Amino acid sequence: MNASLIRLHLLKGIILSTERILNLIDAIPLPVLVIGPDDRIRATNTPLEALLGTDLIGKHHITALRQPAVIDAIAAVRQSGSKTSVRFVTRERDKDTPFRVLVAKADDDVVLTFEDQSAAEDVGKMRRDFVANVSHELRTPLTALLGFIETLSGAARDDPAARARFLGIMAHEANRMTRLVDDLLSLSRVEEDERVRPREQVELGALLASVIKGLEPQASAADVAVRLDLKCPVQHVPGDAGQLTQVFSNLIENGIKYGASGKQVLVTLEEPVNHLRLRGQGVQIRVADQGDGIAGHHIARLTERFYRVDSHRSRQVGGTGLGLAIVKHIINRHRGRLLIESELGQGTIVSVFLPVASLS
Ligand SMILES: Nc1ncnc2c1ncn2[C@@H]1O[C@H](COP(=O)(O)OP(=O)(O)OP(=O)(O)O)[C@@H](O)[C@H]1O
Ligand SMILES: [Mg+2]
């Protein structure tokens, strides 16, 4: 390239050589494309080459860009002189990557900058999915409630037996909605203070015993025996007692709900040892059931909000599918680890690893 021909003024009075300009463009982390007045590509940088390929210099921009929206935007900016932005999508195998392309005029050139929009679009999609899930979860019990209200004010008005039965179902549906709202509030609170380290000391043996006591009615209704095996009878960890109660309530309750009737759920608190997962001293609390187990491909997804293996069974037992999402956030706050191991037909073991010393 002829350097004297492409000398550009960056600041009044400062003249930079082509090489300096190309170096400056190359230092920009976003893909950049410069198109000359003859519509041919004048400069690119390394991120742009990664995006659209190498050997583009001197080619007509249509060959590199191909998408009509961008080509129209270049023509419009050349005419009007004012900036614009346009969507550009690259397709690689089965993945689309959306970009926002800023098109601006710089003297006789047109400069294109590409901003990857995947993260922003993923967040948007997550938010939409979340709202759709919440609406769906609320709509089902609401539809049932409205149906029963209609029946009770019409056909079943003077039928005391039907009335009592329907009121029972209505109470069940209303409880489900309350539980969902409680779980949603709990999830947002837990997310809020995830970065704040818990400072109190919690005695795990007593906490596990009290959680199990609280779940006794549910366990005996399901005909499941919950056993506690404390390998170290008194064990303190830095933690938030309320949140750790929530963790073990959900795990032991899952063991009861998805375990097998007539069988047992075994809760074990191991002696503190050095855990690679914690990079230090920690305890392992295991909740093992003898239920149907969970197929391998579900395991990684169990901590996603609203993810259920068998949504019919989960709803029947009053589950919202938020329990393990809450558990994961709480364990993250405690700098602990969660491990789910399961074998179909054998049962599930959920382990929580918690550091015994505060790592500040
Ligand atoms: N011990 C287990 N055995 C078999 N499946 C389990 C077990 N624990 C969890 N699951 C599966 O993982 C799903 C998610 O569990 P999670 O605790 O997040 O939700 P839930 O129990 O359905 O509802 P919630 O905890 O909000 O009442 C459950 O719906 C169930 O399908
Ligand atoms: Mg649960």
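**Helix packing, domain contact and ligand shell**

Helices α5 and α6 pack with their axes 10 Å apart and at an angle of about 160°. Helices here are DSSP runs of H or I with at least four residues, strands are runs of E with at least two, and both are numbered from the N terminus. Axes are lines fitted to C-alpha atoms, for helices over the stretch in contact, and angles run from 0 to 180 degrees between N-to-C directions. The two helices α5 and α6 are therefore roughly antiparallel to each other; angles over 145 degrees count as roughly antiparallel, under 35 as roughly parallel, 65 to 115 as roughly perpendicular and the rest as oblique. The model is predicted: local features need pLDDT of at least 70 and side-chain atom pairs count only at pLDDT 80 or more, whereas totals for chains, interfaces and linings use all residues. Residues are numbered from 1 along each chain as its sequence is written, and chains are lettered from A and ligands numbered from 1 in the order in which they are written.

The crossing of α5 past α6 is left-handed, meaning that the near helix is turned anticlockwise from the far one by less than a right angle, with clockwise giving a right-handed crossing. On the α5 side, the contact includes Val134, Leu138, Leu145 and Phe148. On the α6 side, Phe166, Ile169, Met170 and Leu180 are among the residues involved. Residues are in contact if their C-beta atoms, placed from the backbone, lie within 7 Å. By class, the contact of α5 with α6 divides into 14 nonpolar, 1 polar and 4 charged residues. Ala, Val, Leu, Ile, Met, Phe, Trp, Tyr, Cys and Pro count as nonpolar, Asp, Glu, Lys and Arg as charged, and the others, Gly among them, as polar.

The axes of α6 and α12 come within 9 Å and cross at roughly 20°. Helices α6 and α12 are therefore roughly parallel to each other, and α6 passes α12 in a left-handed crossing. Asp183, Ser186, Leu187, Val190 and Glu191 of α6 meet Ala325, Ile326, His329 and Ile330 of α12. This contact of α6 with α12 has 5 nonpolar, 2 polar and 2 charged residues.

For α7 (residues 204-214) and α9, the axes come within 10 Å and cross at roughly 50°, which makes α7 oblique to α9. Here α7 passes α9 in a right-handed crossing. Leu207, Leu208, Val211, Ile212 and Gly214 of α7 make the contact with Ala241, Leu244, Thr245, Phe248, Ser249 and Ile252 of α9. The contact of α7 with α9 has 8 nonpolar, 3 polar and no charged residues.

The domain assignment, which is automatic or taken from a database, gives domain 1 (8-116), domain 2 (119-192) and domain 3 (198-360). The C-alpha centres of domain 2 and domain 3 lie 26 Å apart, and 11 residues of domain 2 are in contact with 10 residues of domain 3. On the side of domain 2 that touches domain 3, two or more residues each come from α5 (118-153) and α6 (160-192), with the largest share, 8 residues, from α6. That side of domain 2 divides into 4 nonpolar, 2 polar and 5 charged residues.

Around ligand 1 there are 21 residues, of which Tyr258, Arg308, Gly319, Gly323 and Leu324 come nearest. A residue is near a molecule or strand if its C-beta atom, placed from the backbone, lies within 6 Å of it. The elements giving two or more residues to this shell are α9 (241-258) and α12 (323-333), and α9 supplies the largest share, 4 residues. By class, the shell around ligand 1 has 7 nonpolar, 10 polar and 4 charged residues.

Methods. Contact = placed C-beta atoms within 7 Å.
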